[in-house]
Amino acid sequence: MEKVLKREEIEEKYKWNLKDIYENTSEFNKDLKYVENNLDDLNKLKEKAFDNKESFEKYIKKDEELSRKIYKLDVYASLYSDEDKNVKEGQILLSKVESLYTKYSSLTADFIPNLLKQDEKKIMGYLDTQFLKDYKHTFENIFREKSHTLSSSEEKLISSYSRVLGGSSETASYLLNTDVHFKDVTDEKGVSHELTESLYPIYIRSNDRALRKSTFENLYDGYKNILNSLTSTYSNTCMCDSVTRKVRGYNSSLEMYLYSKNISTKLYDNLIKTVRNNLDTLYEYYDLKKKALGLSEYHLYDTYATISKMPDKKYTIEEAKDIVRKALSIMGDEYIEALDKEFNERWIDVYPNTGKRGGGYQTGTYDTHPYILLNFNGTLNDVSTLAHESGHAMHTYFANKYNPFINSNYPIFLAEIASTTNELLLSYYMYDHAETDEEKKYILNERLDLYKATIYRQTMFAEFEKYAHLLSDKDEAITGEDLCDYYYKLNKDYFGPNVVVDDSIRYEWERIPHFYTPFYVYQYATSLSIASYIADNIIKGTKVFKEKYIEFLKKSGTDYPLNILKIIGIDLNDTKVFESALNMFKDTLKELEKLYK
């Protein structure tokens, strides 16, 4: 095992350059102080904001100036903290920004309720100045939600209770990360191993079937022991949403979460319906894995076992960049020019170091450029992560470059499309350039698992969420037994008749943290579906499609997400795109079946 270096031991060219945001913490503190000193001015401008057009514009300008600086401060503090958690200064900077944001939020919380008391025509009439015209979509959306917005005092009350109402998520986090305990697991030689959540993904993919079985059963036994506690936290989350949706006048919790994006519940139901209509292909995939593993019975603890060997080859970061660049060159010159900036101008923090945050992500400030955190170890998966995060970075880069600040932040519904498109383009490129059948098998397996985990599994989660929230919306009791029974039934449906659905799986819902961010997971499935449609058209060379795709990346938050998708010919109110993605899954499976035959 290679030694993890200290941060100072890593070459500067492999670290992101935070000086592009602030030269040093003194400059950071200057902006922090500036915002603090200007909050009183913002409050004074707010008191007169609706008097006339000039007063309104002054308030919006000052609000944008301060929120833009807070955004910049937050990105710097977060990146500084994440590069080495052992450096206390990063935590101190983060704490300062959080405190400042709390003050800012408290001061501005009543602006929208007071805005909605105004005549809509008068306010929209203010938006004819050079600066305010960019706010047209923002204010149209605010007034669209008028019937669901409460009075100023009620909104302040809800805002002040938001931390308390969100406490279930925090309690669940403690239960999941510290209070759940697992028995040791045993491999086929009778050797015991410690089991933790971080070790579970390793054991469940092992070639040792006895270890997989023991891991599966012992993990869910641990969750069975805290079923009542996690039923309580999750039912409280559902009940809080039900109360809020009633107070705000929505027909359901699902409608409440989709309304702000101007998305109908029909889209959510279309996704579930289409995936259910295509479960037979997923069953075929499990049949193939069963044969490849040589099993007479195929259990849930076998579904993560690998049937292809990961290539031994290791990549340098320079090789990874070269591969990603070649895979994405199909996008055209403008895209590659931006990608070269990312690769050559220290946007990326490449290697792991002691104290560094794990995983990978992309973030950015409007006033500089995107930043990417990696923990690159040279595997093929690390190359894929670079492609994925570069997709986010390019989306952010184009969004910031071609939009004013108010429209630069693309909605969450669109956030995973660019990243997953890059993953797919890389997968097809790597397959075309694979040197052996074993490499091809591995690449196809990884692609199939991406679809299984992102479309099929997340849609199953979406069904579960809908069921739980519907119980709450109907004021019916949510019991652990009901949740477990329904989750078990869903697994029976999604894994099919040829997979033994072990009873322990009924407790799996307890360990899914995304359920505390309601109606979020379906967006993973929609994003991969859209990305499949995009990648397919780019690979086929559909006329002017890649130009339309770049235009899509530039549009960002200028309109509702479903309207922005129309730029690339996507209408999610029908099932065409979902069906197209599932056909790509089917075609990939056929390719893999040929290799195994």
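This is a predicted model: local features need pLDDT of at least 70, side-chain atom pairs count only at pLDDT 80 or more; totals for chains, interfaces and linings use all residues.
Residues are numbered from 1 along each chain as its sequence is written, and side-chain values use heavy atoms, without hydrogens and water. Local features need pLDDT of at least 70, side-chain atom pairs count only at pLDDT 80 or more, and totals for chains, interfaces and linings use all residues.

Helices (H or I, at least four residues) and strands (E, at least two) are DSSP runs, numbered from the N terminus. Helix α1 spans residues 25-47 and helix α2 spans residues 53-83. Their axes, lines fitted to C-alpha atoms over the stretch in contact, come within 9 Å and cross at roughly 150°. Angles run from 0 to 180 degrees between N-to-C directions. The two helices are therefore roughly antiparallel (over 145 degrees).

Three strands form an open, mixed sheet in the order β3-β5-β4. Two strands pair if DSSP finds at least two bridges between them. β3 (348-349) and β4 (361-364) are edge strands with a single partner each, so one side of each lacks a neighbour in the sheet. Four bridges join β4 to β5 (residues 370-373), and these strands run antiparallel. Glutamine 362 has isoleucine 372 as its bridge partner, and glycine 364 has proline 370. A hairpin of five residues links β4 to β5. β3 and β5 run parallel and share two bridges. Here aspartate 349 is partnered by leucine 373.

Both faces of β5 are covered. Pro370 and Ile372 on one side, and Tyr371 and Leu373 on the other, are all buried (under 20% relative accessible area, 1.4 Å probe, protein chains only).

Note on methods:
Angles under 35 degrees count as roughly parallel, over 145 as roughly antiparallel, 65 to 115 as roughly perpendicular and the rest as oblique. Buried means under 20% relative accessible area, exposed over 50%, partly exposed in between (1.4 Å probe, protein chains only).
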